[in-house]
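Subject: Structure handover

Hello,

Please find the structure below, for your own use. My notes on what was found in it come after.

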Amino acid sequence: MKIPAFGTLILLALSVCAAHAQDNRGRDLATTCSACHGTSGRSASGMPNIAGIDKAYIIKQMNDCKSGTRAATVMHQIAKGNNDEQIAALAVYFSAQKN
């Protein structure tokens, strides 16, 4: 009986590690955004602050840049480099930052 309990413990530990890695995905992807928007979405360079902005709004703006619906100089190229999962992870990360 100790073996199944140990196996369950291992599976639980692995799922916690996977969840932690997923939680950090947006933060890790945000390094691409840091030159213009700062590492936490608070721009010091005159670009828009994106910290604390609603997730749905961030996703829409990224998708609009990606499709060319929103005019941009650099963002349309950056957005094209992200898939839907990455955009969602970025939106979760930046929306959780304090403005």
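A polar contact here is a pair of N or O atoms within 3.5 Å; within protein, one of the two must be able to donate a hydrogen and the other to accept it. Please keep in mind that this is a predicted model.

With that cut-off, Q97 is a place to begin. A polar atom of the Q97 side chain is 3.1 Å from the backbone oxygen of Y93. Q97 itself sits in the segment that follows helix 5 (84–96), while Y93 is among the buried residues of helix 5. Apart from residues up to four places away in sequence, Q97 touches S40, R42, A51 and G52.

Overall fold

The chain has five helices and zero strands, which read along the sequence as α-α-α-α-α. Of its 99 residues, 27% are buried. Among contacts with a separation of 6 or more, 59% are between residues 24 or more positions apart.

Helix 5 has 13 residues, and the distance from its first C-alpha to its last is 18 Å, close to the 18 Å expected at 1.5 Å a residue. At the start of helix 5, the backbone nitrogen of E85 has a side-chain oxygen of N83 within 3.0 Å. The buried residues of this helix are Q86, I87, A89, L90, A91, Y93 and F94. In an α-helix there are 3.6 residues a turn, so residues three or four places apart point the same way.

The largest nonpolar core contains 14 residues, and A30, I58, M62, L90 and F94 have the most contacts inside it. Helix 3 and helix 5 are the elements that give two or more residues to this core. Helix 5 provides the largest share, six residues. In soluble globular proteins, nonpolar side chains tend to be buried together. For M62, contacts beyond its neighbours within four places in sequence are with M75, A79, N82, I87 and L90.

Cysteines

The search of the whole structure finds zero disulfides, and C33 is in none, with the sulfur of C36 as its nearest cysteine sulfur. As for accessibility, C33 counts as buried because its relative accessibility is 16%, and buried means under 20%. C36 has a relative accessible area of 32% and is therefore partly exposed.

The loop around S43

S43 is in the loop between helix 2 (34–37) and helix 3 (55–67). S43 counts as buried because its relative accessibility is 16%. Its side chain reaches the backbone oxygen of M47 at 3.1 Å. Not counting residues up to four places away in sequence, S43 touches C36, H37, G38, P48 and N49. C36 in that list is the partly exposed cysteine described above.

Regards

Notes: Residues are numbered from 1 along each chain as its sequence is written. This is a predicted model: local features need pLDDT of at least 70, side-chain atom pairs count only at pLDDT 80 or more; totals for chains, interfaces and linings use all residues. Side-chain values use heavy atoms; hydrogens and water are left out. Helices (H or I, at least four residues) and strands (E, at least two) are DSSP runs, numbered from the N terminus. Contact means heavy atoms within 4.5 Å. A disulfide is a pair of cysteine sulfur atoms within 2.5 Å. Buried means under 20% relative accessible area, exposed over 50%, partly exposed in between (1.4 Å probe, protein chains only). A nonpolar core is a set of buried Ala, Val, Leu, Ile, Met, Phe, Trp, Tyr and Cys residues joined through side-chain atoms within 4.5 Å. The expected span of a helix is 1.5 Å times one less than its number of residues.
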